[in-house]
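User: Hey, I've just opened this one and I'm new to it. Can you walk me through it?
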Amino acid sequence: MKTINEIQDEIVADFSLFEDDMESKLFYLMDLGKKLEPMDSAHQTPEFLIKGCMSKVWVYPIFVDGILHFEVDSNTEITKGLVALLVKIWNNRTPSEILNTDLYFIAQIGMGNMIGSQRSNGFAGMIQQMKLYATAFQSHN
Amino acid sequence: MNQSIDIASIRAQFPVLNEQVNGKPLVYFDNAATTQKPHSVINALQSYYQHDNANIHRSAHTLAARATEHFEATREMLKLFINAKESAECIFTKGVTESINLVAASYGKLVLKPGDEVLLTEMEHHSNLVPWQRICAETGAVLKFIPVESDGSIHLETALACINSKVKIVSMVWVSNALGTINPIQTIIETAHGIGAKVMIDAAQAASHFKIDVQALDCDFMALSSHKLYGPTGLGVLYGKRELLAAMPPYQSGGEMIKEVFLTHSTYNELPYKFEAGTPNIADVIAFKMALKFVSDIGHDSIASHENSLYHYLLNAINHASLKQLKLIGTSSNKIAVQSFEIESLHHFDVGLLLDASGIAVRTGHHCTQPLMRKFGIDGTVRASFAIYNTTDEIDYFIAALQKICHRIK
Ligand SMILES: Cc1ncc(COP(=O)(O)O)c(C=O)c1O
């Protein structure tokens, strides 16, 4: 299994292929969202909605044998791509790996420019919620 | 009707249309939010500050006289533009928002009694809703709403049935900014007058698209914003009939609006100055004249004919492109060249991002009409709105961008 930073580096490399082509970057995000494992619709409840997102984004944590797994979904495609990026990096990691991550890929791919400040706030909300789950399960351990 | 307007030469008057966005030529389809400004307006702003800058109405020196003359010339032009009886019925404000706040606070407070009704529609911009909510809360009057149908229109019969003897003020939008619907205001004004109510018209979206004649309409108040009419931002107009404005208390107080001031009381200036407290937005008022001239020189008939043909071109192109995931919001047959829509499984904000990546500027969101969005069960739309400088080539490019987006989802 690749390390968290190896995956971040891959993401940065993928986005750099598009250079300044903003549209292709956004389409690439949408494609990432499409590749996600489907989420159990029974888990798409208000409790697992991310707060502060313009779209609906659900993140459902599953904690088995010290490892965190995330089921995620969104009602809109770019947001689904955004949460898919986080799943790519953080799925099947220990809570402490998640909590110790420096998410440098965000600045390196120019996320702010790509998705604007409103969406960036929503994205920050997803990160915060996933870290909260990691914290909760870490102390649980 | 002049069919031979030369759009290329009109475009050449708008420097911002040469901008590149994300490496693509700007396609500006956000005209309902604000229109771009022609050279003549930009030059007038610069020229005022370079040659004429002085405070108006109160000085003997040459520059002050020149500035005052140019300032008042805009008012004269405005009088002709909306066909007011006299220029003193045209008050400069910050925009439609301030014009409506002025009427609600001054006229509303003067006439509204507990149990009186203020009649709006469900499609009002927040600026024609929140000021009335506040004055109703203050006076005990009650807000009532003409309902909006599923195509985004209002039924005239339903509207007229809302006008009962309790209604003291009708305040409504002439053209919906979110949907583009043109409302049947003429009959509503006549009926409201029949029971003694006064009518305020929000003409923010109407003024750049068709000819306004306040005397023919016989509306009591009308609000306009310069920036939606090819003019500068932060400037608008309140038109009001003299007998109403004269009876109304001032809205703000200070310099300019007084006749004589004593330590304990004051007397007020005449119209229009009674409602123009403080140093006004002189530069923008002066430049606004060039915007009115720009529209008048082309002529409302030519503008309407060009924009209507763009709008029909758009609807045709949408049909032909068979964009299955695209749902139109606001489909009344009586509209200006504005189209709201949604794309299935994309947030309106994301559609806006994707179009911006192609250099296309559209509006996304609730368009300051949250109750209307709620009525349609959505939290916002993507809105394309056209102006005189837009072209069918731009629409082709827009449709191609939408096709690409729709193709990528699913
Ligand atoms: C229909 C309508 N009314 C009122 C307004 C408010 O205008 P302003 O912001 O210029 O005061 C707008 C502007 O978006 C509008 O479209």
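Predicted model: local features only at pLDDT ≥ 70, side-chain atom pairs only at ≥ 80, totals over all residues.

User: Okay. How many residues of chain B are in contact with chain A?

Analyst: On the chain B side there are 16, and they are in contact with 19 residues of chain A.

User: And what area is buried between the two chains?

Analyst: About 1600 Å² is buried between chain B and chain A, and carbon and sulfur atoms give 60% of that.

User: Which residues in chain B lose the most area to chain A?

Analyst: Those are Phe349(B), Leu354(B) and Arg408(B), which together make up 34% of what the chain B side buries.

User: Let's switch to sheets. What is the strand order in the open sheet of seven strands?

Analyst: That sheet is in chain B and runs E4-E10-E9-E8-E7-E5-E6, with mixed pairing. Its edge strands are E4 (90–93) and E6 (142–146) of chain B, and each of them pairs on one side only. On average, neighbouring strands of this sheet are turned by 20° against each other, ignoring direction.

User: In what sense do E7 and E8 of chain B pair, parallel or antiparallel?

Analyst: Parallel: strand E7 (residues 167–173) and strand E8 (residues 198–202) of chain B are joined over five bridges. If you want a spot to look at, Met172(B) stands opposite Ile201(B) in E8(B).

User: Which helix packs on that sheet, touching E5, E6 and E7?

Analyst: Helix H5 (residues 130–139) of chain B does that, touching strand E5 (117–121) along with E6 and E7 of chain B. The direction of H5 makes about 145° with that of E6(B).

User: What about the open sheet of four strands?

Analyst: That sheet is also in chain B, with the order E13-E14-E17-E16 and antiparallel pairing.

User: Why is one side of E13 and of E16 left without a neighbour in the sheet?

Analyst: Strand E13 (326–329) and strand E16 (363–365) of chain B stand at the edges with a single partner strand each, so one side of each has no neighbour there. From one strand to the next, the twist averages 30°.

User: How many bridges are there between E13 and E14 of chain B?

Analyst: Four, and E13(B) pairs with strand E14 (residues 338–343) of chain B in the antiparallel sense. In that region Leu328(B) stands opposite Phe341(B) in E14(B).

User: Which helix lies across E13 and E14?

Analyst: Helix H11 (residues 300–320) of chain B lies across E13 and E14 of chain B, running at about 20° to E14(B). Helix H14 (residues 392–408) of chain B packs on the sheet as well, touching E13, E14 and strand E17 (381–385) of chain B. The direction of H14 makes about 15° with that of E14(B).

User: Where is Tyr230(B) found?

Analyst: Tyr230(B) is in the loop between strand E9 (221–225) and strand E10 (236–240) of chain B. Its phi is near 70°, a positive value in a residue other than glycine.

User: Last one: which peptide bond is cis?

Analyst: The bond from Leu271(B) to Pro272(B) is cis, with omega near 0°. Pro272(B) lies in the loop between strand E12 (266–268) and helix H10 (282–298) of chain B.

Definitions and conventions
Residues numbered from 1 in each chain as written. Chains lettered and ligands numbered in written order. Heavy atoms only, no water. Pairing = 2+ DSSP bridges. Helix = DSSP H or I, 4+ residues; strand = E, 2+ residues; numbered from the N terminus. Axes fitted to C-alpha atoms, helices over the stretch in contact; angles between N-to-C directions. Contact = heavy atoms within 4.5 Å. Buried area = accessible area lost by both parts, 1.4 Å probe.
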